[in-house]
Amino acid sequence: MGEEKLLWKNWMASLYEIPGPKRERIIQAAGSIRNVYNMKKQHIDRMDMLTGREKEILLSARSAGPQGSYERLMESGAALVTVLDEDYPQALREITNRPFGLYYTGQLPGERRCAAVVGARVCSEYGRRYAYLIGKHLAEAGIGIISGMARGVDAQAQEGALDQGGYTCAVLGGGTDICYPPGSRNLYERLRNHGGIVSEYPPGTKAASWHFPARNRLISGLAQTVIVVEARQKSGSLITADFALEQGKDIYAVPGRLCDPLSEGCNRLISQGAGIVAGIGWLLRELGADALEKINKSKKRENLLAKNENLLYSCVDLEPRSLDELTELSGLPREEVTEILLRLQLRGLLVEVSKNGYVRMLSEGK
Amino acid sequence: MFQRVFSAFVYGIEARIVQVEADISDGLPMFVMVGYLSAAVREASDRVRTAIRNSGIRIPPKRIVVNLAPADMHKEGASFDLAIALSVLAALGEIPAEAAERTLIIGELGLNGRVNPVRGILPIVMKAKEFGFERCILPMENVREGQTAGGIACVGVETLAQAMETVAGKKKEALEENRNSEEEKRCPGCNEKEEGYGLDFADIRGQKTVKRAAKIAVAGMHNLLMIGPSGSGKTMIARRLPTIFPPLSREESLELSKIYSVVGELSSDRPLIRQRPFRAPHHTVTAAALCGGGRIPAPGEISLAHMGVLFLDELTEFSPAVLECLRQPMEDRRVQISRVQGTYIYPSDIMVCAAMNPCSCGYYPDMRRCSCSSREIQRFLRRISQALLDRMDICVEAPQITYRDLRGGERKEESSEQIRSQVMRAVRIQKERFAGTAIRWNSGIPGGELPDYCPMEDEAEELLQETFERLELSARAYHKILRVARTAADLEGKEKIGTVHISEAVCYRSLERKFWMR
């Protein structure tokens, strides 16, 4: 295959409804993308590997011409890399059903080692916090974070990596120029400027529900390791885990309580042989990164707290507790409870996650 | 022959005095009414003529002209009937006209000569008193309501014939009879024992935080927002808020009763409103019903809740447009409704108490039980504008009640009476503090004057500064925390705001959108 022009590569990449490997075979058969474009209708009709619908797509794309989608690509400012190029991510070359083209803004993961962190959108405080810490500490150890920018676990892991100044990249289910979910504008901008946004869909494509399972194969594909933080019994994160299994990646899951529906998926994965995240330091060692020596930092803090502060702190859990509950549990007078709660919040030991619902802030190292 | 008597009609919640003139002259027999009248007033001509005839008096076939002055005010309602009839009778020489001087006459006539009750008696009688009238002739059903104004004689009449006798002075004893007891003279309408609310805070088990927040809210007239799952007692608490308000003074009572008089909700059994109102409009309420409206504007729920509580249950279910209407009246403490024929002003000095679920299933943020998707949760809160949330000074969570709370047992809950005495102390302190200023409550302290009114202990100041920086508060949130802390300190009779008060106020700070945006 000779060098192809971007115009033609983009034209071929925009036919995302035809599986990538099939497109590669067509090009091989025809010699170049341009030849595919100029192919006679009878020839296309005679191609047995394409289904009727795929033939239609190819024919209509032929009559539409390459110019329109090329202009959209230029307008969006996104870059395109295809399997025909040298810098196509090595990790993706190895998966079955690899995408023909990959649109991106910011940077691609390149040669760096990456872990995918995925989990529930509606997650508990425990999930949020661990996702953030995993993102942060992995980034600190130089491991990139791949995720889907969804609310909840995905976003937290990526925020953690960005806060640490590490690399993180989001794989979207629509064009890279469309922020989805629209509420994550802030994260989207940060990723554009300091990380990467990747998609196999051409710019301007709206996210559709059937794009997401396909998107998940890229999340696991770009990473060497997949970490599931919180997942319900039926969850998109489990689809990612299935792909990871197929692609031969390592899978880790953050364990949860047996009674917690948000951890059912994770616990199931562990029972099926996934690695259990037994601590962040442990995870780092497992991934071969240097565990960072600040794990014993938390011990000292308890001595710094006054007696009643300690008492109240011990009543606060990972699930939000209300003011009334805390007053009841600690047996302290109301005035004192509100004051201690505020002081603990100011020290970063507690956080108010909902109206008058307080949870313990997980310490960094654990 | 020309004669005149006086009557009045209601405009907004104030009354306007009207002179009713009648002239009888030779000419074609007819009954003409002039003076910028509405259709209801114009129809009076038939009612009056029939009522006079049915009272046994023959109207001679002459030209009768009735004028209602001043002629540039549009006149509404059926309250002029009796005055028109008496002016015609005076012009006919049936009653001595000079006896009707200094008398205000109100009432609607039936065809048989019966005098029917009308709305808005209280503001009319109060206006009559102000204008120096000596007595009012009112429909019998309205006479108790009129008497509550005090300081002016009110005579009730049942028929046109009785009204004629009264004017002619044949019914003097009735005048005296109506102002018998000493008590009645001193404070008309007050002699019956103050009606209890029949509710008490002691009925509520648990929910200590919400009860405490309610106490502070009432003491400083702060608006209150309660968030919690259904069945946690939000409505029960709201219903009991009026029981911890300071009792209404006589002036306040009269002002409030005027509004109820205009909408016709006063009766002989309840001529004066002695209780703080509690209005809980259903969430399907329209903007006009909430703030007042109609072709001839009638007071809305916010005015009927004047000096009391407006309770908005299921806040998220209200139409957003309706809620936005609340903002200006909440700020100005009155509502102004403009029509072509004039502008109506109704008072609305209210405490807004709102209740809502945290999400449509009610369990957020308990993720194990909440079945809402994150988008549903966000959509749920987005129904309330930030501007309205900003006006809620105090915001508390009403958690699910536990069995232990329900059984209670050993703990004695604070009664409304106890809470009220604490509230009244805080109110007294505020009265002294704001004497000579336009401010009435801590919730009304303008941002610029907060440093003067809210001195803090050094330690408290440090705590607030640290909180402000660490929790990234807005300037508005800072102001509200100070106001609420001021009330908390007043409840304890403390001059300076301490760390306890600051931390409590921080606890109650208004809802932050970030709780929903995750």
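**Close-up 1. Strand β4 of chain B and its parallel neighbour β3.** In this predicted model, B:Val32 has B:Val65 of β4(B) as its bridge partner. The two strands, β3 (residues 30–34) and β4 of chain B, run in the parallel sense and pair over five bridges.

**Close-up 2. The antiparallel neighbour, β2 of chain B.** Strand β2 (residues 14–25) of chain B also pairs with β4(B), here in the antiparallel sense and over seven bridges. B:Gln19 is bridged to B:Ala69 of β4(B).

**Close-up 3. The two faces of β4 in chain B.** Side chains alternate along β4 (residues 63–69) of chain B. B:Ile64, B:Val66 and B:Leu68 point to one face and are buried.

**Close-up 4. Helices α4 and α11 of chain B.** The axes of α4 (residues 121–130) and α11 (residues 250–262) of chain B come within 6 Å and cross at roughly 125°. That angle makes α4(B) oblique to α11(B). From α4(B), B:Ile121, B:Leu122 and B:Pro123 make the contact; from α11(B), B:Ser257, B:Lys258, B:Ser261 and B:Val262 do. By class, the contact residues are four nonpolar, two polar and one charged.

**Close-up 5. Where chain A touches chain B.** Here 27 residues of chain A are in contact with 29 residues of chain B. On the chain A side, α17 (323–330), α18 (334–346) and β11 (350–354) each supply at least two residues. Helix α18(A) gives the most, with six residues. The chain A side holds nine nonpolar, nine polar and nine charged residues.

Terms used: Residues are numbered from 1 along each chain as its sequence is written. Chains are lettered from A and ligands numbered from 1 in the order in which they are written. This is a predicted model: local features need pLDDT of at least 70, side-chain atom pairs count only at pLDDT 80 or more; totals for chains, interfaces and linings use all residues. Two residues are in contact if their C-beta atoms, placed from the backbone, lie within 7 Å. Helices (H or I, at least four residues) and strands (E, at least two) are DSSP runs, numbered from the N terminus. Ala, Val, Leu, Ile, Met, Phe, Trp, Tyr, Cys and Pro count as nonpolar, Asp, Glu, Lys and Arg as charged, and the others, Gly among them, as polar. A residue is buried if 20 or more other C-beta atoms lie within 10 Å of its own, exposed if 12 or fewer, and partly exposed in between; C-beta atoms are placed from the backbone. Two strands pair if DSSP finds at least two bridges between them. Axes are lines fitted to C-alpha atoms, for helices over the stretch in contact, and angles run from 0 to 180 degrees between N-to-C directions. Angles under 35 degrees count as roughly parallel, over 145 as roughly antiparallel, 65 to 115 as roughly perpendicular and the rest as oblique.
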